[in-house]
Amino acid sequence: MKDKLHKWLFTLPVTIYSILLILLPLVYIFIISFFKSDSYGGMITTFTLSNYIQLFDMVYMRIFMQSIIIALVVTFICILIAYPFVLAITHKNARIQKILITLVMVPFLTNSLIRMYGFVVLLRKSGVVNTFLLGLGLTNNPLKLMYNNLGIIIGMVYTLLPFMILPLYSSVSSINKSLLEAACDLGANKRKTFFRVILPFTKPALFNGSLMVFTPALGYFFIVDVLGGGKIMILGNLIKNQFLTARNWPFGASISVFLLLITFIIIGIYRKTGGKLEDLG
Amino acid sequence: MKRVIVRLEDFGKSFFKKEVIKHINLDIYENEFITLLGSSGCGKTTILRSISGLDKPTTGKVYIDEVDVTDMDPTKREVNTIFQNYALFPLMTVYDNIAFGLRMKKVDEEEIKTRVNEMLELVHLTGYEKRFPRELSGGEAQRVSLARGLINRPKVLLLDEPLSALDLKLRKEMQIELKRLQRKLKITFIYVTHDQDEALSMSNRIAVVRGGKIEQVGTPSYVYDHPSTLYVATFVGEANVFDAEVKKINKEKKLLYLGDNFVSKYSKNKYSEGDKVKVVIRPENIKISRTLKKENSLKGVVDELIYDGSNTKLMVDVDGMIVKVLVFGNDHSYEVGDKLYLYWDNVDMNVFGEKDER
Amino acid sequence: MKNNKVLDNIWLTLVFIFLFLPIAILIIFSFNKSRLNIMFTGFTLDWYKELFNNSVLLEALINTLIVAVISTVISTVIGTISAYGLKKYDFKGKKLINELLYIPIVIPEIVLGISLLCIYSFMKLELGMFSLILSHIAFSIPFVIINVNSAIESMSANLEEAAADLGASKFKTFFHVVLPSLMPGIVSGAGLAFTLSLDDVVISYFTAGPDSNTLPLQIFSMIKSGVTPDVNALITVLLLMIFTGIFIYMSISLRRIKREGV
């Protein structure tokens with residue numbers, strides 16, 4: 001009797017939670033993506049595929065492409081920054097490693113919007129960077145650092161960099177030191193050691209990090225709003241607009257389902273290649 | 001007749017429809033040190049866990065002190081377990097670890113204090129109260145876990161390979177320690193191990209477990225001298241195993257051939273002519289001579305001599321088979337390459353027919 | 001293996017400058033006389049004074065902290081219980097639940113945000129503090145579970161059995177033995193939940209109501225209309241609080257590293 005109570009107490013909350021706050025909302029989104037919207041922002045509960053057909057409109061296709069390209073570029077830059085950074089950290093002793101990794105986390109304890117605002121102060125036409133460059137005479141005209149793709153990419157790289165650094169770090173730091181010494185001992189130079197030992201070992205972490213960078217990069221509308229200047233749109237903006245401005249929920253839902261589909265395909269590939277979901281935390 | 005403290009009746013256990021324990025019956029007596037001996041995966045730990053209640057048997061019944069405890073919760077059984085990895089609570093001090101069982105019984109703190117101190121004294125750890133498990137050596141940790149298990153004054157103490165994580169020297173010390181504790185406290189110890197030396201040196205009785213069955217139960221010397229099966233003979237102690245054939249039968253005596261060479265008289269009626277049998281002889285029961293003896297003797301060549309300080313082991317090549325012979329001390333004159341004859345007494349010979357084996 | 005220390009250090013420095021620049025600049029300008037965040041023209045504490053008169057901003061800050069604290073406490077409790085329950089018990093649909101738990105972690109936040117918005121509207125739940133806190137709990141629980149899980153994995157296998165063997169009931173075992181052992185995982189899970197809650201923009205954007213204006217939402221609307229320097233002061237105060245927390249955490253964990261000689 002008491003055992004039953006124990007079991008219920010420890011399994012019921014998670015059951016309710018995962019059904020009510022994860023499964024149900026997603027199923028609901030899926031369902032309304034087949035509804036029709038009326039002109040007052042409501043929904044008509046009839047089955048239609050028109051929302052999905054609308055997705056293939058050139059206007060939207062262009063936004064999808066742009067979104068994916070930005071996300072890819074951001075992912076790539078994150079890898080380029082994070083890899084040497086993580087290797088450099090692991091060359092330090094344990095105490096310094098701990099300090100540095102915590103330092104990486106520190107900026108992310110403040111809200112991401114606050115940091116984006118910091119970038120606005122830095123990057124805008126009359127911002128700190130331009131004032132600095134003009135003052136030094138390095139440039140005659142202020143550089144256009146934001147309200148364009150550059151600004152968006154800077155903001156996203158900044159926001160998502162730790163999601164690349166942290167898994168990479170835990171992977172690289174778990175490489176057995178003697179493995180690297182063995183590689184050295186067997187005559188591998190640094191480049192070979194990297195490509196033959198370190199890179200293959202950290203591949204899962206690299207994929208994991210890329211996933212954690214790529215998917216949010218498709219949705220971070222506020223970075224685009226703040227640093228993109230309102231002209232550029234990614235999937236996130238499109239969804240937000242459909243739900244809050246255009247109030248066409250069914251169409252917004254169908255874009256969300258599309259975005260989910262992309263995510264699940266990537267995760268499917270990840271798991272097929274032997275990745276574990278546990279490592280994605 | 002001694003009082004039965006644990007009784008397993010037709011006890012069986014299956015995991016995922018695979019039968020791990022096959023209908024065991026076993027009586028364990030008051031105040032004895034019994035060892036369940038077997039290789040890993042034979043089911044000895046499963047037997048132990050059913051007595052402690054951590055696993056429930058699939059069939060049969062478990063009695064502790066005449067009470068049917070088959071469905072009783074482990075928390076209510078008057079048995080305690082010593083785990084292989086000690087299982088000390090990492091965030092509690094030695095004192096709190098040992099006091100845990102009494103606190104669960106809501107014994108008052110004054111009494112807990114006296115009893116914990118008693119226990120610490122018993123396991124020679126007085127002064128260790130405030131230490132944490134991570135500050136203990138393996139031997140100390142095992143002593144703490146013993147104190148923690150014994151403080152409840154259980155009717156039976158179950159020990160699941162408690163010494164396997166210790167190094168050889170410490171293990172020998174702890175063996176003596178355990179034996180001392182058991183004698184002093186007069187509690188039944190049920191000890192699980194795969195180490196036959198441990199089993200032989202510590203136990204009042206040994207139960208050899210194999211494939212979920214008990215192959216033989218008996219005192220160490222009886223199991224050693226009169227193994228009931230070939231498996232027991234080879235698992236408990238060292239043994240030379242010869243292939244042999246029953247050749248000729250008189251009224252009372254049969255002649256046993258080891259290969260083509262030698263004939264030995266054998267007088268049990270179990271086998272008939274033509275039966276293939278295994279003959280098992282302990283190394284210390286084989287005698288050596290430079291001259292041919294009348295019966296039970298084989299001719300061989302010394303292949304290797306291993307002297308360990310108290311005994312010398314001769315590896316003797318008999319027609320390509322290496323026979324181990326144990327000689328006390330260094331009291332012999334043989335060198336590698338010497339020819340010699342091996343012989344033995346009939347009583348030291350154990351014969352197992354092939355059909356006896358599973 | 002020899003490593004190029006100079007290159008290492010240059011790269012570390014550059015990345016850290018990149019990481020800290022946007023925050024440093026806000027801290028510096030919080031002491032700036034000029035209203036414009038362009039040049040440092042002189043030291044002042046005026047913006048801090050102004051901050052304490054800016055009720056909108058202060059209310060947003062308080063809301064943010066309320067949401068973070070409540071959602072952290074609840075998601076830590078539920079997450080810890082759930083991690084343990086999912087490890088210990090088998091039941092129908094457990095596999096599905098294990099899969100579902102990864103969804104909030106891997107899907108884009110915006111999808112979670114709008115799907116919660118939709119379900120709230122479907123259930124006629126008015127947007128406000130409650131819906132906001134519920135949403136933060138929704139995305140925090142899986143992170144807590146993952147953290148607690150790794151603590152469960154590293155817990156010595158027989159501890160619970162040893163406790164049962166010594167007469168502890170299941171509840172007693174959980175509170176006396178399991179919970180203390182899991183504490184490091186629970187604390188880091190709670191820390192993560194708290195951080196995620198403070199950092200969140202996207203989900204709050206969709207699930208907050210008029211009475212639950214939080215700091216990020218307030219700043220979001222201000223960026224469009226113009227940010228006053230007392231926001232800089234607010235951010236500096238917030239950072240000071242966070243740094244103190246981190247400093248305490250760091251000195252504890254560094255001492256542990258030293259002691260255990262890892």
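Two residues are in contact if their C-beta atoms, placed from the backbone, lie within 7 Å. This is a predicted model, in which local features need pLDDT of at least 70, side-chain atom pairs count only at pLDDT 80 or more, and totals for chains, interfaces and linings use all residues. Residues are numbered from 1 along each chain as its sequence is written, while chains are lettered from A and ligands numbered from 1 in the order in which they are written.

**Chain C against chain A**

- Helices (H or I, at least four residues) and strands (E, at least two) are DSSP runs, numbered from the N terminus.
- Ala, Val, Leu, Ile, Met, Phe, Trp, Tyr, Cys and Pro count as nonpolar, Asp, Glu, Lys and Arg as charged, and the others, Gly among them, as polar.

**Chain C against chain B**

- Here 15 residues of chain C are in contact with 18 residues of chain B.
- Helix H8 (159–165) and helix H9 (170–199) of chain C are the elements that give two or more residues to this side of chain C.
- H8(C) gives the most, with five residues.
- By class, this side of chain C divides into seven nonpolar, five polar and three charged residues.

**A:Phe119**

- A:Phe119 sits in helix H5 (residues 112–123) of chain A.
- A:Phe119 is buried, because 24 other C-beta atoms lie within 10 Å. The cut-offs are 20 or more such atoms for buried, 12 or fewer for exposed, and partly exposed in between.
- Leaving aside neighbours within four places in sequence, A:Phe119 is in contact with A:Ile154, A:Gly155, A:Leu227 and C:Pro22.
- A:Tyr158 is 39 residues from A:Phe119 in sequence and 9.7 Å away in space, C-alpha to C-alpha.

**A sheet in chain B**

- Five strands form an open sheet in the order E15-E19-E16-E17-E18 (chain B), with antiparallel pairing. Two strands pair if DSSP finds at least two bridges between them.
- Strands E15 (287–289) and E18 (321–328) of chain B stand at the edges, each with a single partner strand, so one side of each lacks a neighbour in the sheet.
- E15(B) runs antiparallel to strand E19 (residues 339–343) of chain B, and three bridges join them.
- B:Ile288 stands opposite B:Leu342 in E19(B).
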